[in-house]
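Open the model in your viewer and keep the selection tool at hand. We will go stop by stop, and each stop tells you what to select next.

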Amino acid sequence: MPPPPIRKISLDAPPTVVHVPPIPLNGNGNGNGHGAPAGGLHTPGPPSSDAPVIERMRCNAVTIAYGPKVAVNKVDLPISQGEVLAMIGPSGCGKTTLLRSLNRLTELTPSASRGGVISLDGQDIDLLEVTALRKRVSMVFQQPNPFPMSVFDNVAYSLREGGSKRPRKKELMEPVERALTRAGLWHEVRDNLDHPALRLSGGQQQRLCIARSLAAQPEVLLMDEPCSALDPISTGKIEELILELREQIAVVIVTHNLQQAQRVADRVAFMYLGELVEYASGEQIFNAPQAQRTRDYVGGAFG
Amino acid sequence: MNDAPPRARGRTPRRPPERAELWLGALAATLLVLILGMLFFVFKEAWPSFSHNGLAWFGSGGSTQQQLAAIYESPSNPDDYVYHLRAWPLIYGTLLSTGLAVLFGLPFALLCALFMVEFAPPGVQRLMTPVVRFLAAVPSVVYGLIGILVIAPWIDRNLVSAEFKLDVNALVPISGGGLLLASFILMVMIVPIMIAIISDALRAVPRAWIEGSAALGVNRWRTMWKVAVRTARPAIAAAVVLATARALGEAIMLAMVSGSFIWSPNPLDGLNFFLEPIMPLAATIVGQQEGFSAIPLGQTLYAIAAVLLVSSALLSFAGWAVRQPLRRYATR
Amino acid sequence: MSALATPPPQPGSAAPPPRRTRARDSATTWPLRDRIGLAFCWAAGITLTVVALTILLYMCFKGITQLRPSMLVTHPSGAVDQSRSGGFLDPIQGTLLLTAIGIAIAVPIGVSVALWLVEYGRPAALARAVESAVDVIAGAPSVVLALFGLSFFSETFFSFMSFRSEDTAFGRSFMVAGTVMSLIALPLIVGATREALLQVPNHVREASLALGKTKASTIRAVLLPAVRPGIATGTALGMGRIIGDTAIVVLLLGNTLTTQPRDGGIFGLSLLQGTGSTLTSYIYGNSPVGEGNAPQKAYAAAFVLLLIVVALNALATRIARGRRKDTAWIR
């Protein structure tokens, strides 16, 4: 049998946005995108919620640089409770950097510098005390990172280490249970609260990290690709969780997975090489993007 | 045609050892035999002293100084060798000096390590590493020299009251050297080892945990203490074991600063407890080495050496055992 | 045009934005307990630095005031009057000679054992036993090793190595002390060589074997040059340990002020069978614990000793750090 022909990929081809007739999907909202080009990517968006949309945080002309290299360039972005904001874009576009600057985690890197104003409920976060800020703006990381302690100790961690008086275990039981219930983990661990957290499965660990962040009752939850290391079932559970949480907490999720962004996001911000290219509702970004570059990215022309 | 790969029977055949392997292996085995022989030799020589004293060897009773002198002056007839010894003051001196040095040295080393790794400004951080390395490099005889020539006279002038000296002069000579000086200098000697091990472990704590703790709004001190130090507990145990082994084996410095008199300090003396002289085990060997030619004294010294060897081995085992339950919550 | 084409134009301001926030959270907002802890941390760090500086400066001060260059080249003589008791040339000679003997024995044996442990290591039980034996030596106090050397070299077959007087071997001589010194340097050399060997990636060994060389010649031609910095580090550390050790010298070198070769016999051999002193035993002897009671000479000798040891340690650190450049080709 002769070897298959070699096809040349034409680098000069104009960026195309192909309109594909909508494919009827059955059943679950989990899209099965087979890399189909956009403009007809009909993964259904998130269910609409009745909760009022309140703006909690706002970025004004935020510029972040690591040494001489500019990672984020003059970004204006609102973050609101009642809706989920997804930040999408190719690797290296600055979305993770921007996310980390929302709770001043970029300060852990010595070479980072930041310009512009980020405000939380109208207050400049630079003027707030940083540990107080981080209790109000919590973060969940890409790799689940539960501490080498028991499940209970993990969730109670920020409550115990917050102030000078150390609460007793009985007082902590209720907030811990509440946080674990909100994270959807309570029924799975209620009998194993003293087991080491590192023995949980990957999905459970990530939900534990979410519970840990929720324990201090934050106002904003930042999620940096929370499901990228997880299997589809855990991913589904966490996405349900996000949709439940958005009514009380402003959720910002950075994701590489366009289908995931479609499933959970009410608002989408597309970033490219440090610039905020387009910010609009999910439907608009995925079905009728205004900017050419957005169209190219969502259409899969680059990634 | 049967395309299946042949089933592997048992282990894959090994190549025969080449000449280099045989030579190197023989050398390593010879070293092993020599070391085992040395251990056997030490215990064999130590045996008469233990067999004559039984477990009372470790007990107290009488003046150890006089007992050692009597052993040295044993008649030359092997049947009449004197072995009577109650070595408790020596053991007590070792336990006291090592115990105090580690007890105060560990928190000090832990705080220094935390300082070096996290809380010192960057310029000071760079300065601390050569400081620790310098302290580790100073030979023990130099520590002993400074101790006996500088600190001991200071203690003698300022901390020892003249009446106390006179009161006990018949029993024990009080000078600057003693438990306080020995423990203090021993602490300075073992702290660099502990700092090196603990700071390495603190730096090796996964960044994800530090960031996670910071992201939860926990301040730097709590983060380091609750996450980093907690994760570094096996290393802290290892540091304590290594430091204790070093302290046990220290002979020359202790011989110079411990007061050169075999004595069990009495805790009921209050603060003067720290000013009384001691004689740790290793320092005894150095102190008595001139009389080694007298066979029973030599065997007694071997008995002391055997106790030191067994203690080192027990320490290594204790270090391993302490780390086991700490593995429960850790990833490794 | 490819979709990836040109990146957006660089931001107008060439300079990075000014840092607007303090890089680390200030301790003024911490609870009291944490602030006290931080204060203790600072206190510990400052105390440690002060102690080190005090030792360094005091030794330098005493050394510079007491040390005269003539001391380095004059033989010591036993005289009560300090101005006539000479210098410490012989102790320096003793230190050099002991270190040379110790290293000459320890390096070949240590490197060979490390090579066998890493490259061969069969049977596994023997390898574990050898590792444990080296650990035993590493943990044993040097007095114990010295004590063992006393008997071993005076009563057994090896008594020819020691100093004799009218046919009684004392178990003390340069050779005896040097041999036992090699024991305390051995674990350091084995450890450093092992680590260096373990860092050589496997593909280097496999490449050499694939070219048809035997394992032995791979070791000789490829591995040994690659781990030379590691061996050098271990050697420097071992030398530091030997130079600084006093117990073995006090027990095993006979403590004569000047180097006394054994009477008769071949020159080199009788020197090795002779007794003498080193800087460390000289300091020990001149301190109030020994007989000399000459603190000024002790300080001068201690200063010289400290310089040598600190320089050696700095050298060892530099070799360990510079290693990455030398073996960069391995990656």
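**Stop 1: one side chain**

Select A:Gln204, which sits in helix α6 of chain A. Helices here are DSSP runs of H or I with at least four residues, strands are runs of E with at least two, and both are numbered from the N terminus. This is a predicted model, in which local features need pLDDT of at least 70, side-chain atom pairs count only at pLDDT 80 or more, and totals for chains, interfaces and linings use all residues. Residues are numbered from 1 along each chain as its sequence is written, chains are lettered from A and ligands numbered from 1 in the order in which they are written, and side-chain values use heavy atoms, without hydrogens and water.

Is A:Gln204 buried or exposed? It counts as buried, because its relative accessibility is 18%. Buried means under 20% relative accessible area, exposed means over 50%, and partly exposed lies in between (1.4 Å probe, protein chains only).

Now show the neighbours. A polar atom of the A:Gln204 side chain lies 3.1 Å from the backbone nitrogen of A:Ser201. Leave aside the neighbours within four places in sequence, and A:Gln204 is in contact with A:Leu185 and A:Glu188. Contact means heavy atoms within 4.5 Å.

**Stop 2: a buried strand**

Select residues 84-88 of chain A, strand β3. This strand is largely enclosed by the rest of the structure, because 5 of its 5 residues are buried.

Which strands pair with β3(A)? One is β8 of chain A (residues 250-254), parallel over 4 bridges. There, A:Met87 stands opposite A:Val254. Another is β9 of chain A (residues 267-272), also parallel over 4 bridges. In β9(A), A:Arg267 is the bridge partner of A:Leu85. Two strands pair if DSSP finds at least two bridges between them. Strands of a sheet pair through backbone hydrogen bonds, either parallel or antiparallel.

**Stop 3: an open sheet**

Stay in chain A and select β2, β1, β4 and β5. These 4 strands form an open sheet in that order, with antiparallel pairing. The edge strands are β2 (69-81) and β5 (123-124), and each pairs on one side only. Zoom in on β4 (residues 112-120), which pairs with β5(A) over 2 bridges in the antiparallel sense. A:Leu120 stands opposite A:Gln123 there.

**Stop 4: where A meets B**

Show chains A and B together. The contact takes 30 residues from chain A and 22 residues from chain B. Between them, the two chains bury about 2200 Å², 58% of it on carbon and sulfur atoms. Buried area is the accessible area (1.4 Å probe) that two parts lose on being put together, summed over both. Select A:Pro148, A:Tyr157 and A:Glu161: they supply 26% of the area that chain A buries against chain B, more than any other three residues.

How many salt bridges are there between chain A and chain B? The count is 2. A salt bridge is a side-chain nitrogen of Lys or Arg within 4 Å of a carboxyl oxygen of Asp or Glu. One of them joins A:Arg100 and B:Glu211, whose closest N and O atoms are 2.9 Å apart.

**Stop 5: where C meets B**

Switch to chains C and B. Here the contact takes 73 residues from chain C and 68 residues from chain B. Chain C and chain B bury about 6600 Å² between them, 78% of it on carbon and sulfur atoms. In chain C, C:Leu48, C:Arg122 and C:Leu147 lose the most area to chain B, together 11% of what that side buries. Select C:Arg122 again, now with B:Glu21: their side chains meet in a salt bridge (3.2 Å, N to O).

**Last stop: chain C alone**

Hide the other chains. Chain C has 12 helices and 2 strands. Of its 331 residues, 50% count as buried. Among contacts in chain C between residues at least 6 apart in sequence, 67% join residues at least 24 apart.

Conventions:
Polar contact = N/O pair within 3.5 Å; in protein donor to acceptor, adjacent residues only side chain to side chain.
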